[in-house]
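I opened the model today to take notes on its two chains. My entries follow in the order in which I looked things up.

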Amino acid sequence: MHPALNFFKVQLLFAAVVLLVAPFLGLNTAHANNRVALVIGNAQYEKNPLANPTNDSRDVAAKLQKFGFDVVYRENLKIRQVGGMMKEFKSKLTPNSTALVFYAGHGLQIRGENFFPVVDADIQSEEDIPVQSISLKQIMDILEDAKTKANIVFLDACRDNPFDNRSRSISRGLAKVTAPSGTLISYATRPGSVADDGKGRNGLYTEHLLKVMDINKPIEQLLKNMVTSIKGETKGRQEPWSEGSFEGEFCFGPCEDPEAEKNKILLEVAYWEKTLSSGKIEDYQAYLANYPNGTFVAVAKRSLDALLNPSTATAIPANSVSKQEVDKLIKQAEEKLRQEASNRSNLEKELEKAKIEAERLKNSQTNSASTKKLFVSPSF
Amino acid sequence: MKKILACVLLFASFGVCAGDEVKYSLGLRGWSHTYSASSNTSVQVNSPLISGSIKYKDFSFTASTLMQTTYVNTSQSYVMAVRTDTDYAVGYTIYDNVTLLLGNKTISGPQVNDMVGIFYGVSLAQPIHDQGFIFGTFARSNSVSNLDALTGSGTFNLYDLGYGHIIYKNTSLNIGYRQQVFTTAANDKYTFSGATFGVGFNF
């Protein structure tokens, strides 16, 4: 059979496999029907403005819209705008909603209750705070009244207290919250601690949140990833904190399960094996197009380069150059041949590694030593 | 049929059953061991050990046997002992590969009363690389009946350690060391210890 036909059949087979496994890859892009978000970024405080919260809120809002959220967005919120914002947010919530709240800006606590001051706040005493701030409790009450399916709250608000501590009741950072059932709250740092406003475009917490939102994994896993990365970056000075939970699974995009990841790898290995066996330029190009970030990209590029630029040493007439030059060209040609042989050898090694990995993945579903579920029959 | 039987056994033991999640394991081992008694007599024998387990979620049931083994003192040409062990145990996996065991051991032989004891223990299996794993079983019985002709019961301790290597998917080879110690009320010890080697299958 002609190699091209053979490869065509392989591609058909590959397409069939993709169609078969697609439902298990979590490729379903449908999101929950009713996703509502309240996003607030307060930066331009009359006292102690912050650099990043409006960047944070804009970036988060844009990303949430991409993930199908109906976003109620406010930045540099003033006292007279609070009521209208709450009313609008409340009107969008239904019992089937997944509600998300993101706040970036200053935050403070009085006797365990959290407040986010509006940008025109002029706080002279403890009594000024509840009337010149957004109350987290008020937001929680709205969520509870709406009986939403799941609530996720991100508070990048544990930045330094901008207001003079005129009362001992006012504390640094935020307090833990009594949240309605089905609510997951993520704080930029541990309750009572202070978070970093960041040196770039975003606060440190939001910067990491924006990164993990693109990972199609459950929110709990993303929060764990954030803890690891932020703790690492700040050498333990800042540790995001989360509490609460809800039933079911929430991912910003489609949730991918671990089985789907394995299947993806197996598919790629199968595709790569067929590309290797074909050895044709267009098949390497097809591999690179299908797997631009694939495992074998580096090898595929080298192989493709070797195929597109074959040695020209033999095409040069020997009598047109000096003997030294001929020797040099021969050496270069030999070196190139050695390099190609080495590439081939590396290729085969990588393929062998891939095969072992594929076998390991298959075995892990049955009973290899790499699983943590070894089952050995004892005798007594 | 095998699955149905496993389900029946599991249901009887734990009241649970789900056909597709039942796992089976079979172990065939040779035990090249020495029998030593307090009287300083010792003999060397080879015995086959056969064990089979079924597992559903964290619950397992194991039956094992040491097939009939005769200990002959060749220097004095007399039979020291003849034994056949029949054991069964239920297990509960508490953490990854750590399983708690509760079982019954019966040692029978011609012209002697069966020695019977309830034992408890733990078995472990830990991967150490892609194909290799270590395993171990530790069990103890505080009271084995008819162990001592004068005082009746005694104690029993089992130590079984080894290394397994998966050679193909569900098949592994293993090598290890196994020791059984029976201690009478009069503190006489009967020790059976030696190397094991065998093969294990998972289905």
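**Entry: a strand pair in chain B.** I started with strand S6 (residues 115–127) and strand S7 (residues 132–148) of chain B, which pair in the antiparallel sense over nine bridges. I then looked for B:Ser123 and found it opposite B:Thr137 in S7(B). I noted that the model is predicted.

**Entry: the barrel.** In which order do the 10 strands of chain B close into a barrel? I traced S1-S2-S3-S4-S5-S6-S7-S8-S9-S10, with antiparallel pairing. From one strand to the next, the twist averages 20 degrees. As a reminder to myself, strands of a sheet pair through backbone hydrogen bonds.

**Entry: chain B overall.** I counted one helix and 10 strands in chain B. Along the sequence the pattern reads α-β-β-β-β-β-β-β-β-β-β. Chain B has 203 residues, and 31% of them count as buried. I took the contacts in chain B with a separation of 6 or more; residues 24 or more positions apart account for 46% of them.

**Entry: chain A overall.** I moved to chain A and found 11 helices and 10 strands. Chain A has 380 residues, of which 32% count as buried. For contacts in chain A with a separation of 6 or more, 69% come from residues 24 or more positions apart.

**Entry: helix H2 of chain A.** I picked helix H2 (residues 53–66) of chain A, with 14 residues. From first C-alpha to last, H2(A) reaches 20 Å, close to the 20 Å expected at 1.5 Å a residue. Which residues of H2(A) are buried? I listed A:Pro53, A:Asn55, A:Asp56, A:Ser57, A:Asp59, A:Val60, A:Ala61 and A:Leu64. These buried residues pack against several elements of chain A, including strand S1 (35–41), strand S3 (98–104) and helix H6 (204–212). Just after H2(A), I found A:Gly68 with a positive phi of about 90 degrees.

**Entry: nonpolar cores.** The largest nonpolar core has 53 residues. Among the members that touch the most others I wrote down A:Ala37, A:Val39, A:Phe102 and A:Leu155. Another core, of 12 residues, lies apart from it and includes B:Leu101, B:Phe119, B:Ala139 and B:Phe182.

**Entry: where the chains meet.** How many residues of chain A are in contact with chain B? I got 15, in contact with 37 residues of chain B.

Conventions
Residues numbered from 1 in each chain as written. Chains lettered and ligands numbered in written order. Predicted model: local features only at pLDDT ≥ 70, side-chain atom pairs only at ≥ 80, totals over all residues. Contact = placed C-beta atoms within 7 Å. Helix = DSSP H or I, 4+ residues; strand = E, 2+ residues; numbered from the N terminus. Expected span 1.5 Å × (residues − 1). Buried ≥ 20, exposed ≤ 12 C-beta atoms within 10 Å, placed from the backbone. Core = buried A, V, L, I, M, F, W, Y, C linked by C-beta atoms within 7 Å. Pairing = 2+ DSSP bridges. Axes fitted to C-alpha atoms, helices over the stretch in contact; angles between N-to-C directions.
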